[in-house]
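The sequence and structure come next.

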Amino acid sequence: MAISLFDMLKVGIGPSSSHTVGPMTAARRFARGVQKTGRLHEVVRVDIQLFGSVGATGKGHGTGPAVLLGLEGQRPDRIDPAILMPRMEKICNQGTLNLNGEHAIRFSEKDDLTYHRQQSLPYHPNGMRFTAFDADGRVLRERTYYSVGGGFVVDEKAAGADRIVEDKTPLPYPFKTGEELLRQCDTHALSIAEVMLANEQAWRSVDEIRDGILHIWEVMQECVRNGISNEGILPGGLKVKRRAASLHALLIAADRKDLISPSLSAMDWVNLYALAVNEENAAGGRMVTAPTNGAAGIIPAVLHYYWNWCPDANEEGVIRFLLTAAAIGILFKENASISGAEVGCQGEVGSACAMAAAGLAAATGGTPRQVENAAEIGMEHHLGLTCDPIGGLVQVPCIERNAVGAVKAINAAVMALRGNGEHFVSLDKVIRTMRDTGRDMLDKYKETSRGGLAVNVIEC
C-alpha cells in the first residue's frame with residue numbers, strides 16, 4: 001500500500017473535500033463504469049442516494065451539484081468552479097443530465113436525488129449509492145461508494161479497510177508509523193523530506209515531482225489572491241460577510257504601531273492568509289485539499305508565513321515543507337482518519353495543524369525528531385475538537401478555526417525547534433488517541449449539524 005504527496009494534497013473545489021470533491025469523483029467513477037459495460041446508451045435515469053453526513057449536510061456542502069457534474073464526467077481538479085451552480089440549475093430546469101458527457105438522460109431533483117438525513121451506510125458516515133436503470137426499470141449498474149475524507153473515495157469492496165489506498169507500488173523507504181519514519185531517517189541519514197522525495201520517485205521523475213509541488217504552491221497562492229480580492233456575502237443563507245479583502249486593505253494601510261503589537265504583526269497576516277483561503281472554499285472556489293477542504297487554509301497560511309517572514313525562504317524550502325507535511329498527513333490517513341464525519345474536526349484542523357507545523361520546522365532546518373515533535377504538539381492541542389458547522393455550511397466556525405489552527409502550527413514549530421527533539425508524548429500515541437477519541441465522540445458532533453454550535457446558535 002502506498003500513498004503519494006499528490007494523494008494527500010489535491011487540487012479541488014470548495015466547499016468540502018469529503019462532501020464535494022469525493023462525491024464528484026465517485027459520481028464520475030460510476031458514470032465511467034457504466035460506459036465500460038457498453039450499456040451507457042441504455043440508461044434512462046440514475047438514482048442518487050446520499051447517506052450519513054453527506055445526507056445530513058450535503059445541501060450546505062454542495063454535494064448535489066458535485067454529484068451531478070461528476071455524473072457528467074467533470075473532475076474536481078479541472079472543473080471551472082464558476083460553471084458548477086449554473087450547470088446544476090440548467091440540469092434541474094431542463095430535466096436532462098448528460099451522463100458521462102455523451103448520453104442525455106432524464107433527471108428530476110425531487111425523484112432522483114435523495115438526502116437521507118438520519119440514515120447511514122455500514123462502513124463510513126459519508127456513503128453514496130448510484131443506480132442506473134434502463135427504460136424497463138431494470139438495474140444496469142449499482143455501486144456504493146464512501147467518501148472517506150480529503151477527497152479519497154473507496155467502493156464497497158474496499159470499505160472494510162477504508163483508510164487504505166489501493167496502490168501496491170513498492171517504495172524504497174516504506175513507513176506506516178512515525179516511529180518507522182524516524183527509523184528510516186536514522187538508518188539512511190535522510191530527512192523526512194528526502195524519504196518522501198525518494199518514495200515519490202516510484203511514480204514520477206524528480207522534475208515531475210518538483211513541478212507538481214510548485215504547482216500546488218501556485219494554486220495556494222492564487223487562492224489567497226482570490227480570497228483577498230473578493231468581497232460580499234458567502235452563499236448558503238447564514239449571510240456571513242467575507243472579511244479577507246477588508247483585512248488586507250487594513251494591513252496594507254497600517255503602520256506596525258497600529259497593530260496590537262509589532263512583534264505580532266506577522267500573525268495578522270497569517271490570519272489573513274487562512275481567512276482568504278477558507279472564504280474562497282466556502283464560496284466554492286478552487287483550492288488545494290490540504291488534507292481536507294474544511295482545513296484547507298492552515299497549510300497555505302503557514303507556507304505564506306514561511307515565504308514572507310522567514311529569512312532565506314526559497315522554493316527548495318517550499319518543496320521540503322510540502323514533502324514533510326505530506327509525510328505527516330500519511331500517518332494520520334494510515335492510522336486514524338482525516339474525515340470530520342468520522343472523528344470530528346480534530347481529524348481535519350488537527351491533522352492540518354500537525355502537517356503545517358512539521359512542514360515549517362523542516363523548511364527552517366529542523367531535524368527529523370524536531371519535525372516529529374512539532375507535528376505532535378500541533379495535534380495534541382486539537383484533541384477532542386468537534387465538527388459542528390452551523391447550517392451544514394463550511395463557514396462558522398470553520399473559517400476562523402483555520403486561522404487559529406495556522407497560528408497554533410507556527411507556535412508548535414517554534415516550540416519544537418527550541419528543543420532537541422526529545423518529548424514526552426510521541427506522535428504515534430497522539431494519532432492513536434485522536435482515533436480513539438473520534439470513536440468515542442457522539443455522532444452529533446461529527447459533521448451532522450445536529451449538535452454543538454450548529455444547534456445552540458440556531459436555538460439562541
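## Buried area and the predicted model

Buried area is the accessible area, taken with a 1.4 Å probe, that two parts lose on being put together, summed over both. The model discussed here is predicted. By that definition, domain 1 and domain 2 bury about 1,400 Å² between them. Carbon and sulfur atoms carry 56% of this buried area.

## Domain layout

The domain assignment of the protein chain gives residues 15-158 as domain 1 and residues 178-445 as domain 2. A distance of 30 Å separates the C-alpha centres of the two domains. Domain 1 brings 21 residues to the contact, and domain 2 brings 18 residues.

The UniProt record, an unreviewed entry, places the feature "domain: Serine dehydratase beta chain" at residues 4-157.

## Interface between the domains

Which kinds of polar pairing does the rule find across the interface of domain 1 and domain 2? There are 6 residue pairs in polar contact, with both residues at pLDDT 80 or more. For salt bridges across the interface of domain 1 and domain 2, the count is 0.

On the side of domain 1 that touches domain 2, α2 (17-36) and α3 (52-57) each supply at least two residues. The residues on this side of domain 1 comprise 8 nonpolar, 10 polar and 3 charged.

How values were computed. Residues numbered from 1 in each chain as written. Predicted model: local features only at pLDDT ≥ 70, side-chain atom pairs only at ≥ 80, totals over all residues. Heavy atoms only, no water. UniProt positions renumbered as here; feature names shortened; annotations may be inferred. Domains from an automatic or database assignment. Contact = heavy atoms within 4.5 Å. Salt bridge = Lys/Arg side-chain N within 4 Å of Asp/Glu carboxyl O. Polar contact = N/O pair within 3.5 Å; in protein donor to acceptor, adjacent residues only side chain to side chain. Helix = DSSP H or I, 4+ residues; strand = E, 2+ residues; numbered from the N terminus. Nonpolar A, V, L, I, M, F, W, Y, C, P; charged D, E, K, R; others polar.
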